[in-house]
Amino acid sequence: MINKLAAGGLPADMPAFMRTPEAIGEIAYLGPEPDRWRSRAEAELSAEQAPDHFIDLEEADLIGKLPRRRYDYIAALYEFAAANPASADEMRPEKVGFQPYITNEVWERLKSAMRDYRTLNAQGKDTRPVEAAILFYAGWLGHYVGDGSQPLHVTVQYNGWTGPNPNGYTTEHKIHSQFETAYVDAVVSEGEVQALMTPAHPIGDEWDDYLAYLRHTSTLIEKVYQLDKVHGFDGTGTPEAKQFTEERLAAGASMLRDLYVAAWVKSADPVPDWHDHAEVAPAAAPPGVTIQKLESGGPAQASDAALAAATAPFTDKVYKIGGGISAPFLSHAPDPQYTPEAKRAKYQGVVLVDLIVDENGNPRNVHVLRPLGMGLDMKAVEAVSQYRFKPAMMKGQPVPVEVHIEVNFRLY
């Protein structure tokens, strides 16, 4: 239902092949596909991908801010377990779950396929193979976004209350399927859910927006148990339970539709080049388009004066890249230093830095948009403060522009 409503709600500026009845039907069919992989006939596949359907946020949040990348998350879980041996079993990655990671990874597959579609279409080549891939990824993605709308997919209380239970919620292992399957089949119609879908909402950073969606879902965990306690999901249930269930389905369909649109819009963004950390990095990109710069740590250390100049507010007019304004080119990029505590902890990740490249190619107003911690944010700022660029150009004249840069801290 979530897949069908999301695909059926695509705006007219999405590719026409995705909006046909046949495509909508295929996307809807593929919604349950990851559950079809959970078969005893394919035991290894079932075991491998089962944790993708959930994340126990109560445990995941023990590691602090969730890293954006799956393997950084796995490493952080094991580091927490090593420091807290009594929790080691519960903190195994397959027990905590990977829900936002598989969702983001499949979304990126969809975006990548859409970029290939744009290229082939512009070249006048056959797009049918990539259209098939896009429909598959769209259907696959919908399963996890739907899971994310269901509160019992984001908690240790996924199928019967465990631990202290002062409110006397059910401990039987049937509430999960009773709520999301039997009750939906009994009382919910597509039309009622469609009427509750929100207007299209642009996705900014897909990872942050999807995590916010999961965290809103997590605020409703106890509501499911409260409704169950008054037999809200028995038979045709209660009006309150019906409304709640429809709202959850509508939230999933709305989020999925918005992620489809975001994948299409962002598939038009330029792709950064790959460079080794010792080479010149690629041209900077507009706000919202990150530049990947692979780092291993190094000698960058800005003087106090240089750091003060680079981080001071910039009050001149700032232009946007595009529409006749070229991107600046990064010509000098010293490696950031690792802090001793981050190195001891083998801590890795990404700091997202925002800056103005002025008309002389110097970094100005350097500041952190997405922090990493352990002192690495300041190290990223110090390194970026020493970057030098060939400035952006407009009608043959250099102009200041805003860019985002990812500083990747990696230990090799």
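Tutor: We begin with burial: a residue counts as buried when its relative accessible area is under 20%, and as partly exposed between that value and 50%. The model before us is predicted. Glu246 is buried, with a relative accessible area of 5%, whereas Lys242 is partly exposed at 22%.

Student: How are Glu246 and Lys242 placed in helix α14?

Tutor: They lie four residues apart, about one turn of the helix. Their side chains form a salt bridge, with an N to O distance of 2.6 Å.

Student: Which parts of the chain does the pair Arg370 and Glu406 link?

Tutor: The side chains of Arg370 and Glu406 meet in a salt bridge at 3.6 Å, N to O. The pair links distant parts of the chain, with Arg370 in strand β4 and Glu406 in strand β8, 36 residues apart. Arg370 is buried at 8%, and Glu406 is buried at 7%.

Student: How is the packing of two helices described?

Tutor: One gives the angle between their axes and the distance between the axes. Helices α12 and α14 pack at about 175 degrees, with axes 12 Å apart. Because an angle over 145 degrees counts as roughly antiparallel, α12 is roughly antiparallel to α14.

Student: Which residues meet there?

Tutor: Among them are Glu206, Tyr210 and Tyr213 in α12, and Arg248, Met255 and Lys266 in α14. By class, the contact has five nonpolar, three polar and four charged residues.

Terms used. Residues are numbered from 1 along each chain as its sequence is written. This is a predicted model: local features need pLDDT of at least 70, side-chain atom pairs count only at pLDDT 80 or more; totals for chains, interfaces and linings use all residues. Side-chain values use heavy atoms; hydrogens and water are left out. Axes are lines fitted to C-alpha atoms, for helices over the stretch in contact, and angles run from 0 to 180 degrees between N-to-C directions. Helices (H or I, at least four residues) and strands (E, at least two) are DSSP runs, numbered from the N terminus. Angles under 35 degrees count as roughly parallel, over 145 as roughly antiparallel, 65 to 115 as roughly perpendicular and the rest as oblique. Contact means heavy atoms within 4.5 Å. Ala, Val, Leu, Ile, Met, Phe, Trp, Tyr, Cys and Pro count as nonpolar, Asp, Glu, Lys and Arg as charged, and the others, Gly among them, as polar. A salt bridge is a side-chain nitrogen of Lys or Arg within 4 Å of a carboxyl oxygen of Asp or Glu. Buried means under 20% relative accessible area, exposed over 50%, partly exposed in between (1.4 Å probe, protein chains only).
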